[in-house]
Amino acid sequence: MPQDDTEFLPQSTTALLLRRCPPRPRAAVLVLHGGQETSESPTSPRQLAALRMDRVLRAVTAALPHDDVLVAQVRYRLRGWNGTRADAGRDTLRALDDLTALAGPLPTVLLGHSMGGRAALHAAGHPRVTGVLALAPWWPAGEPVAQTAGRRIVALHGARDRVTSPAATAECVHRAQGTAVEAGMAVIGGGDHAMLRHHRLWHRTTAAVVAHLLDPDAVPDPLPEECYGTGDFPVL
């Protein structure tokens, strides 16, 4: 991973953990790990949900299309979503505000896993957000999508996920297709919720999609056109 420029930005703020800090960033990737449906316990960088995203983050950072992309993680206050409080979603919006205050109005791609995928979708309407990539997201039936207007939304979901629902993700993506600039989904054949099965495919595809979302005009979309259709989504 490239060395952090600690003279440009402090290593953490209230809602951010900075992982890659170029002197003059042109864009940002904000990473959101998973959590629990209900929990008042404070988060820890050593919890499994946070550690699970480390390899994903490294793969994404190694494949960035430009050297001047800032990479950061959201620092949740609590482990749970906690009903209508939507704590992780609120923390993500705070992190985006903190990022803007620190580095200016950077176009930002949100990368979230599980509950982090829900937080990313929740925060998609923030003025800095240009794209969302959700990995095995927790998108309950009827999750709002109006905030995706003007954004690109992509989901990857494992076919063997027993924690969150690929069918619910597909339904949400189909609804977003009427609102977002582009909304699509691909299925990881044999993939599980933890992204351990076929992890190389998860990492490679995630890194390529993030690179495309950061610079869609210059970086080709790695996903087939069928991923953006209105029927069943393809298996990779």
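This is a predicted model: local features need pLDDT of at least 70, side-chain atom pairs count only at pLDDT 80 or more; totals for chains, interfaces and linings use all residues.
User: How many salt bridges does a search of the whole structure find?

Analyst: The search finds 12 salt bridges. One of them joins the side chains of Arg 19 and Asp 54, at 3.7 Å from N to O.

User: Where do Arg 19 and Asp 54 lie?

Analyst: Arg 19 is in strand E1, residues 16-20. Asp 54 is in helix H1, residues 48-62.

User: Is Arg 19 buried or exposed?

Analyst: Arg 19 counts as buried, because its relative accessibility is 18% and the cut-off for buried is under 20%. Asp 54 is partly exposed, at 22%.

User: Next pair. Which residue does Arg 85 meet in a salt bridge?

Analyst: Arg 85 meets Glu 40. Their side chains are 3.0 Å apart, N to O.

User: And where do those two lie?

Analyst: Both are in loops. Arg 85 is in the loop between strand E3 (69-74) and helix H2 (87-103). Glu 40 is in the loop between strand E2 (27-32) and H1. They are 45 residues apart in sequence, so this pair also ties parts of the chain together.

User: How accessible are Arg 85 and Glu 40?

Analyst: Arg 85 is partly exposed, with a relative accessible area of 35%. Glu 40 counts as exposed, at 51%.

User: What about Arg 77? Which partner does its side chain meet?

Analyst: Asp 87, in a salt bridge of 3.7 Å, N to O. Arg 77 sits in the loop between E3 and H2, and Asp 87 in helix H2. They are 10 residues apart.

User: Buried or exposed, for Asp 87?

Analyst: Asp 87 is buried, at 2% relative accessibility. Arg 77 is partly exposed, at 36%.

User: Which residues do salt bridges with shared partners join into one network?

Analyst: Glu 40, Arg 77, Arg 85, Asp 87, Arg 90, Asp 91 and Arg 94.

User: New topic. Where is Thr 164?

Analyst: Thr 164 is in the loop between strand E6 (152-158) and helix H4 (166-176).

User: Which side chain does Thr 164 join in a polar contact?

Analyst: The side chain of His 157, at 3.1 Å.

User: What else is Thr 164 in contact with?

Analyst: Setting aside neighbours within four places in sequence, its contacts include Ser 114, Ala 136, Pro 137, Trp 138 and His 193. His 157 is on that list too.

Key: Residues are numbered from 1 along each chain as its sequence is written. Side-chain values use heavy atoms; hydrogens and water are left out. A salt bridge is a side-chain nitrogen of Lys or Arg within 4 Å of a carboxyl oxygen of Asp or Glu. Helices (H or I, at least four residues) and strands (E, at least two) are DSSP runs, numbered from the N terminus. Buried means under 20% relative accessible area, exposed over 50%, partly exposed in between (1.4 Å probe, protein chains only). A polar contact is a pair of N or O atoms within 3.5 Å; within protein, one must be able to donate a hydrogen and the other to accept it, and residues adjacent in sequence count only if both atoms are side-chain atoms. Contact means heavy atoms within 4.5 Å.
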